[in-house]
Amino acid sequence: MSPARTPCVALRSLAAIIGGWAFSWGFVACGTAALAGLGVEFHDAEISLLMLGLLVFLGVFLWSFAARSVSRVFAVLVGGALFFNGAAVLLQRAILS
Amino acid sequence: MFASFRLSMAWLHTWFGLVLGYVLMACFFFGALSVFDREIDRWALPETRFAPQPMPSFDAVLAPAFARLEADPAEYAANISAMHDAAKGPQTPRLELPADEYWAYTTHRDPVLAIGAGFRVPLPKDEEDHNHIHGNATIDPRTGDFVRSDQLRIGSQWFYPMHYSLNWNWKNLGIFTVGLAALVMLAALVTGVIMHRKFFREFFTFRPDRHSQRSLLDLHNLSGVVALPFHFFFAFTGLLIFAGTYYFPVSQFQLKPLHDRHEVIEARETGLPHERAGIPATLASVDAMMAEARRRWAARDMAGEVGFLQLHHFGDANGYVSIYRAGSDRVALVGEGMHFKASTGELLHEDPPRTAVAETNEFLTGLHLQHFEHWLLRWLYVLGGLLGCVCIATGFLFFVGKRKQQHARAGDPGSRWVDALAVTAVTGMVIAAVGMLVANRLLPADLAGKGDWEKLAFWGLWVLALLHALVRSAPVAQARINPAWREQCWMLASLAVAAVMLNAITTGDHLIKTVFTDPYWPVAGVDLILLATAAVAVWAARKLARRERIGVTMKSPQPAAEVAHV
């Protein structure tokens, strides 16, 4: 594992696990709220997004190691997590108002 | 950081696979045992060795049993002061708490019946809250007598939760660790396919007599590829089962307002009362309601037995009885719930046909939880789980085999540690499980806290296996085989044979009786599997002994250079 420098690998692992989790969580929340807003029954929306969200988690987990730049990984995962989670709250507010 | 995409995927496969592989071994092995958790329960609790029973009559058996349930003293002590508002009046003593709900649950493999009650706390701090203190018991459904509930059901209460929580309940850390391991399993399957270009050839490639390192890799690839859909499916559905509660609980977090609004709409649509009315009422015949539910299931062309029964708002005018179908004849876990008004027995609500999404979910989770009665398929699950163990264990061995020459030259203890942990995760784990069964037969049945002693035997043996593997690991530093593998195989074989003999001596249910003269397959099956385990362990020990002798006289072969593992 000589080409893999330890701090870099640790950062990518952190991004993959914690960043990937936050990103997928946001994806599930945002997607559930969006589908519910479109009139899909809440639990149907939730279960569909849970299934998709697990696959998204797997995808971003792998991508965290495959991507060229660690900073891009962090930017996408943290930015995406903030965007999706924020959008979920805003969507919910719009639906409930 | 990585020279190529393929190398980054290989790094991920190797290192995450190694670290979480130890957890995955436990998930796959105890998951495989969970397929027969009820049968292991029968083996460990001889007084429950009789045929599975259907849901008994409510009026004759369940009602008197429910009436004898008490709130759990520990739960009462822990929760009463948090739930009860002292400003409103005195606290209700434990035995005087009024019952609010009752339930009973059985499967097609359960001789004994699990029942429970939720007791209401009067004068609560928060009226809106679910102020329940519970009391559970196990009864013999033929008589209604309580079965001792202080004994550990080793299959369903220890091996089964082991596979999804490692029995590590503090802050649910076990469930989260297993979740991460399941994600890594999915990632390892994808990266494994990416690393190995000749995917289809691996279905048919196993070269047992070539270099041991080559045949290890063949076996790793074969067990991974042949059961690839199985491994992917179980890791994925395992995550899905817990996703809504633990991994992505969005409906209990930022989407709670949306979720709560949906609950209110749903409750209005079903017409089932959410709260007590405060007006006392009597209970109509629940047997008649169960008969009506069975009649309606038959009319839907899915005749079946009652699997789960629940009484809500007991003794109140708003009380209702929910009756769900046992899911033993199909994959999807479908309850087809029927809800009756408790005081009159009239049908209040029938669960509507499911949506396509819900059907997909019930099929996926049902296929993981395997409540169905299809013994061939159940055995295939065991086989798949064990293939998963083979895949992970050969991964460890390949990792060690690839590095031990180099580590031996460099004086690096890395492969020595990995190998000792692999011994612990393979033979050590099986020793812990079988040793627990031996302890179950050796400890007296009326020993206080017997279950805790059994758990201690389980963990104690596992820790001893680790210590033994570490103490004996010196040969690995010279690129030879750790003798702990062989010694633990002998230990395992002795324990497995001892368990079978102890079962025959302490219960009289020897194999001649349980197979031929008075067949009882749950116990016979566990005994036969123990004997098979012993046979495999002896075979492995003898094979290892031969390898160790060759290893001393011959230089080990160079590792296979076919695949770029980093």
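Buried area is the accessible area (1.4 Å probe) that two parts lose on being put together, summed over both. The legends below describe close-up views of a predicted model.

**View 1. The interface of chain A and chain B.** About 4,000 Å² is buried between chain A and chain B. Carbon and sulfur atoms give 80% of that area. W25(A), F42(A) and L54(A) supply 17% of what chain A buries against chain B, more than any other three residues. In contact terms, 42 residues of chain A meet 47 residues of chain B.

**View 2. The chain A side of the interface, by element and residue class.** Between chain A and chain B, 8 residue pairs are in polar contact, both residues being at pLDDT 80 or more. Three elements of chain A give two or more residues each to the side that touches chain B: α1 (6-37), α2 (42-66) and α3 (70-96). The most come from α2(A), with 17 residues. By class, the residues on this side of chain A divide into 28 nonpolar, 8 polar and 6 charged.

View 3. Helix α5 spans residues 154-165 of chain B. Why does it count as largely enclosed by the rest of the structure? Because 9 of its 12 residues are buried. The buried set includes the aromatic side chains of W158(B) and F159(B). I154(B), G155(B), S156(B), P161(B), M162(B), H163(B) and S165(B) are also buried. The buried residues of α5(B) pack against α1 (5-34), α2 (37-44), α6 (173-195), α11, α13 (414-442) and α14 of chain B. L166(B) follows α5(B), and its phi is positive, near 55°.

**View 4. A buried salt bridge between R38(B) and D37(B).** Side chains of opposite charge can pair when their charged atoms come close. R38(B) and D37(B) form a salt bridge, with the closest N and O atoms 3.2 Å apart. Both R38(B) and D37(B) are buried. Over all chains, the structure holds 24 salt bridges.

**View 5. A salt bridge between R294(B) and E305(B).** The closest N and O atoms of R294(B) and E305(B) are 3.7 Å apart in this salt bridge. The pair links distant parts of the chain, 11 residues apart. R294(B) sits in helix α10 (residues 286-299) of chain B. E305(B) sits in the loop between α10 and β5 (306-312) of chain B. R294(B) has 30% relative accessibility, so it counts as partly exposed. E305(B) is at 40%, and therefore also counts as partly exposed.

View 6. E454(B) and K450(B) meet in a salt bridge through their side chains, at 3.9 Å from N to O. How far apart are E454(B) and K450(B) in helix α14 (residues 450-471)? They are 4 residues apart, and so are separated by about one helical turn. An α-helix has 3.6 residues a turn, so residues three or four places apart point the same way. E454(B) and K450(B) are both buried. Elsewhere in chain B, salt bridges that share partners build one network. It joins E292(B), R295(B), R296(B), R300(B), E336(B), E350(B), R354(B) and E362(B).

**View 7. T344(B) in a loop between two strands.** T344(B) lies between β7 (338-341) and β8 (347-350) of chain B. The side chain of T344(B) reaches the backbone nitrogen of E346(B) at 3.2 Å. With a relative accessible area of 48%, T344(B) is partly exposed. T365(B) is 21 residues from T344(B) along the chain, and their C-alpha atoms are separated by 35 Å.

View 8. Q370(B) has a phi near 40°, a positive value in a residue other than glycine. It lies in the loop between α11 (356-369) and α12 (375-410) of chain B. Q370(B) is buried, with a relative accessible area of 9%. A479(B) has a positive phi near 60°, and is likewise a residue other than glycine. A479(B) lies in the loop between α15 (474-477) and α16 (483-507) of chain B. A479(B) is buried because its relative accessible area, 9%, falls under 20%.

Note on methods. Residues are numbered from 1 along each chain as its sequence is written. Chains are lettered from A and ligands numbered from 1 in the order in which they are written. This is a predicted model: local features need pLDDT of at least 70, side-chain atom pairs count only at pLDDT 80 or more; totals for chains, interfaces and linings use all residues. Side-chain values use heavy atoms; hydrogens and water are left out. A salt bridge is a side-chain nitrogen of Lys or Arg within 4 Å of a carboxyl oxygen of Asp or Glu. Buried means under 20% relative accessible area, exposed over 50%, partly exposed in between (1.4 Å probe, protein chains only). A polar contact is a pair of N or O atoms within 3.5 Å; within protein, one must be able to donate a hydrogen and the other to accept it, and residues adjacent in sequence count only if both atoms are side-chain atoms. Contact means heavy atoms within 4.5 Å. Ala, Val, Leu, Ile, Met, Phe, Trp, Tyr, Cys and Pro count as nonpolar, Asp, Glu, Lys and Arg as charged, and the others, Gly among them, as polar.
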